[in-house]
Amino acid sequence: MKKLYVTVKTFAALAIMAGVCSCGNKKAVAPEAAPATEDQPAATINIRYIDADSVIGSYTLAQQLMGEQQRELNKLQQWHENKQRELQGLANTISQKQQNNVYLSQASMQEDVNNLQKKSEEAERYFGTQQQRLAIAGEQMQRRLNDSINNFIKDYNAVHGYDAILLREAGVYFKPELNISAEVIEGLNARFAASQPASAK
């Protein structure tokens with residue numbers, strides 16, 4: 001059976017990358033600065049950037065969603081490992097019974113072999129179904145983070161009026177003073193906290 005190797009951070013990173021860098025799945029292109037003239041100075045582009053890793057690591061909603069997803073992944077992985085041990089134990093029992101001439105007929109051994117095969121196929125189907133369920137849950141988590149971050153960035157920029165807010169990963173170098181990650185994280189967490197019922201605070 002296949003091993004389960006999925007990292008929750010992958011989902012969250014994709015969410016940040018897809019959500020903040022795009023608008024309707026179109027590449028964000030900074031407008032060209034107008035050429036300078038004697039009467040009119042060159043226009044400047046007012047940009048800021050955020051660090052995706054910082055947002056992923058510090059946004060409460062992202063932490064909660066990632067934690068839930070990781071627990072589900074761990075549970076499925078544990079189930080898979082336990083089922084593998086169980087099936088291997090059945091296979092060993094069949095082998096030992098065969099070596100010790102316990103089977104009175106070929107038909108009785110074949111019955112055990114068929115039972116093992118049936119259990120193995122059932123386990124594979126269940127495992128595949130659960131992997132698919134978790135993949136769908138991961139996509140839903142990604143969309144929720146996309147929406148949350150995009151909506152906040154739009155509201156944030158409506159106040160600050162930057163020409164562009166980029167991801168640090170989108171460029172080779174940005175001046176550190178252009179980093180607004182801390183402000184964005186603080187705003188995201190404040191908005192998330194305010195949306196929670198009083199009993200959950």
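Predicted model: local features only at pLDDT ≥ 70, side-chain atom pairs only at ≥ 80, totals over all residues.
A residue is called buried when its relative accessible area is under 20% and exposed when that area is over 50%, with partly exposed in between.

**Overall make-up**

The protein has 201 residues, and 30% of them are buried. Its secondary structure consists of five helices and four strands. Read from the N terminus, the order of the elements is α-β-β-β-α-α-α-β-α. Among contacts in the protein with a separation of 6 or more, 83% are between residues 24 or more positions apart.

**Helices H3 and H4**

Helix H3 covers residues 60–99 and helix H4 covers residues 106–160; their axes come within 11 Å and cross at roughly 170 degrees. An angle over 145 degrees counts as roughly antiparallel, and H3 and H4 are therefore roughly antiparallel to each other. The contact of H3 with H4 involves 21 nonpolar, eight polar and seven charged residues.

The length of H3 can be checked against its residue count. With 40 residues at 1.5 Å a residue, H3 should span 58 Å, and its end C-alpha atoms are 58 Å apart, so the two values agree.

Which residues of H3 are buried? They are Leu61, Ala62, Leu65, Met66, Gln69, Leu73, Leu76, Gln77, His80, Lys83, Leu87 and Ile94. An α-helix has 3.6 residues a turn, so residues three or four places apart point the same way. The buried set of H3 includes Leu61, Leu65, Gln69, Leu73, Leu76, His80 and Lys83.

After H3 comes Asn101, which has a positive phi near 55 degrees. Asn101 is a residue other than glycine, and it lies in the loop between H3 and H4. With a relative accessible area of 65%, Asn101 is exposed.

**Aromatic pairs**

The whole structure holds four aromatic pairs. Two of them are listed here.

| Pair | Centre to centre | Angle between planes | Class |
|---|---|---|---|
| Trp79 and Tyr126 | 4.6 Å | 50 degrees | tilted |
| Tyr156 and Tyr162 | 6.4 Å | 35 degrees | tilted |

Why does the pair of Trp79 and Tyr126 tie together parts that are 47 residues apart in sequence? Trp79 lies in helix H3 and Tyr126 lies in helix H4, so their pairing joins these parts. Trp79 is partly exposed, at 24% relative accessibility. Tyr126 is also partly exposed, at 39% relative accessibility.

Together with Phe152, Tyr156 and Tyr162 form one aromatic cluster.

Tyr59 lies in the loop between helix H2 (52–58) and H3. Is Tyr59 buried or exposed? Its relative accessible area is 1%, so Tyr59 is buried.

Leaving aside residues up to four places away in sequence, Tyr59 touches Leu145, Ser148, Ile149, Leu188, Asn189, Arg191 and Phe192. Of these, Leu145, Ser148 and Ile149 fall within the residue range of helix H4. Tyr59 and Phe192 are 133 residues apart along the chain, yet their C-alpha atoms are separated by 8.9 Å.

How values were computed:
Residues numbered from 1 in each chain as written. Heavy atoms only, no water. Axes fitted to C-alpha atoms, helices over the stretch in contact; angles between N-to-C directions. Helix = DSSP H or I, 4+ residues; strand = E, 2+ residues; numbered from the N terminus. Parallel < 35°, antiparallel > 145°, perpendicular 65-115°, else oblique. Nonpolar A, V, L, I, M, F, W, Y, C, P; charged D, E, K, R; others polar. Phe/Tyr/Trp six-rings, centres within 6.5 Å; stacked < 30°, edge-to-face > 60°. Buried < 20%, exposed > 50% of the residue type's maximum accessible area, 1.4 Å probe, protein only. Expected span 1.5 Å × (residues − 1). Contact = heavy atoms within 4.5 Å.
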